[in-house]
Amino acid sequence: MTATFADPRTSAPAPIASGAPLDLSILVVSYNTCAMTLACLDSIANETRRTRFEVLVVDNNSPDGSAAAIARHPLGNMLIARRDNLGFAGGNNLAAQQARGDYILLLNPDTVVLDGAIDKLMDFARARPDAMIWGGRTVFADGRLN
């Protein structure tokens, strides 16, 4: 498998050699959320600059063509297309078994990463390793705190 990370010189993800160290594994479980999942992947690529990451997407047998569309996305090279529906927990557990990052981020497919949020979350996690679990702030589309 080849992982990807956002190259700060471009907006496109750049490949990381197989076996290279990764800061973060981002796990996304998709079911019938094609457009949202693609927007999520776009936002990861566009807003994550300092963190070496991989994205593992588990598609739970979506009937809307999600798996095929995700596979064509630059971050879709680590797609796990299921022929059954493992649900949210099962999909995350499956992806976590293959994750290579030092940290794992569970990201819902309707997430849009804003303002370098993943880089900021990683900075915070590294500054406070004793916490052992971290989470980002979520906001509604109009910017209000969720």
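Trainee: How many salt bridges does a search of the whole structure find?
Mentor: The search finds 6 salt bridges. Keep in mind that this is a predicted model.

Trainee: Which residue does Arg126 meet in a salt bridge?
Mentor: Asp23. The two side chains come to 3.3 Å, N to O. Arg126 sits in helix α4, residues 117–127, and Asp23 sits in strand β3, so the pair ties together parts that are 103 residues apart in sequence.

Trainee: Is Asp23 buried or exposed?
Mentor: Asp23 is buried, at 18% relative accessibility.

Trainee: Now Asp59. How far away is the nearest side chain of opposite charge?
Mentor: That side chain is Arg82, and it is 9.2 Å away. Asp59 is buried and has no salt bridge.

Trainee: Which side chain does Asp59 join in a polar contact, then?
Mentor: Ser62. The contact between the two side chains is 2.6 Å.

Trainee: Where is Asp59 found, and what else is it in contact with?
Mentor: Asp59 belongs to strand β4, residues 53–59. Leaving aside neighbours within four places in sequence, its contacts include Ser30, Tyr31, Ser66 and Ala67. Leu79, Ile80, Ala81 and Arg82 are also among them.

Trainee: Let's zoom out. How many helices and strands does the protein chain have?
Mentor: The chain has 4 helices and 6 strands. Along the sequence the pattern reads β-β-β-α-β-α-β-α-β-α.

Trainee: What share of the residues is buried?
Mentor: Buried residues make up 42% of the 146 in the protein chain.

Trainee: And how much of the contact count comes from residues 24 or more positions apart?
Mentor: They account for 70% of the contacts with a separation of 6 or more.

Trainee: On to helix α3. Which of its residues are buried?
Mentor: Gly91, Asn92, Leu94 and Ala95. Seen down the axis of α3, the buried residues fall within an arc of 160 degrees, so they line one face of the helix.

Trainee: What's exposed on the other side of α3?
Mentor: Ala89, Asn93 and Gln97 are exposed there.

Trainee: What do the buried residues of α3 pack against?
Mentor: Strands β3 (22–30), β4, β5 (79–81) and β6 (101–106).

Trainee: How far apart are the end C-alpha atoms of α3?
Mentor: They are 17 Å apart. The 12 residues, 87–98, should span 16 Å at 1.5 Å a residue, which agrees.

Trainee: And α1, how far does that helix reach?
Mentor: Helix α1, residues 34–47, reaches 20 Å from its first C-alpha to its last, close to the 20 Å expected for 14 residues. Its buried residues include Cys34, Cys40, Leu41 and Ile44.

Trainee: Last one. Where does Leu105 lie, and is it buried or exposed?
Mentor: Leu105 lies in strand β6. Leu105 is buried, with a relative accessible area of 15%.

Trainee: What does Leu105 touch?
Mentor: Not counting residues up to four places away in sequence, Leu105 touches Leu24, Ser25, Ile26, Leu27, Ile118 and Leu121. Leu105 and Val55 are 9.4 Å apart, C-alpha to C-alpha, and 50 residues apart in sequence.

How values were computed. Residues are numbered from 1 along each chain as its sequence is written. This is a predicted model: local features need pLDDT of at least 70, side-chain atom pairs count only at pLDDT 80 or more; totals for chains, interfaces and linings use all residues. Side-chain values use heavy atoms; hydrogens and water are left out. Helices (H or I, at least four residues) and strands (E, at least two) are DSSP runs, numbered from the N terminus. Buried means under 20% relative accessible area, exposed over 50%, partly exposed in between (1.4 Å probe, protein chains only). Lys and Arg count as positive and Asp and Glu as negative; His and the chain ends are not counted. A salt bridge is a side-chain nitrogen of Lys or Arg within 4 Å of a carboxyl oxygen of Asp or Glu. A polar contact is a pair of N or O atoms within 3.5 Å; within protein, one must be able to donate a hydrogen and the other to accept it, and residues adjacent in sequence count only if both atoms are side-chain atoms. Contact means heavy atoms within 4.5 Å. The expected span of a helix is 1.5 Å times one less than its number of residues. The arc is that of the directions from the helix axis to the C-beta atoms.
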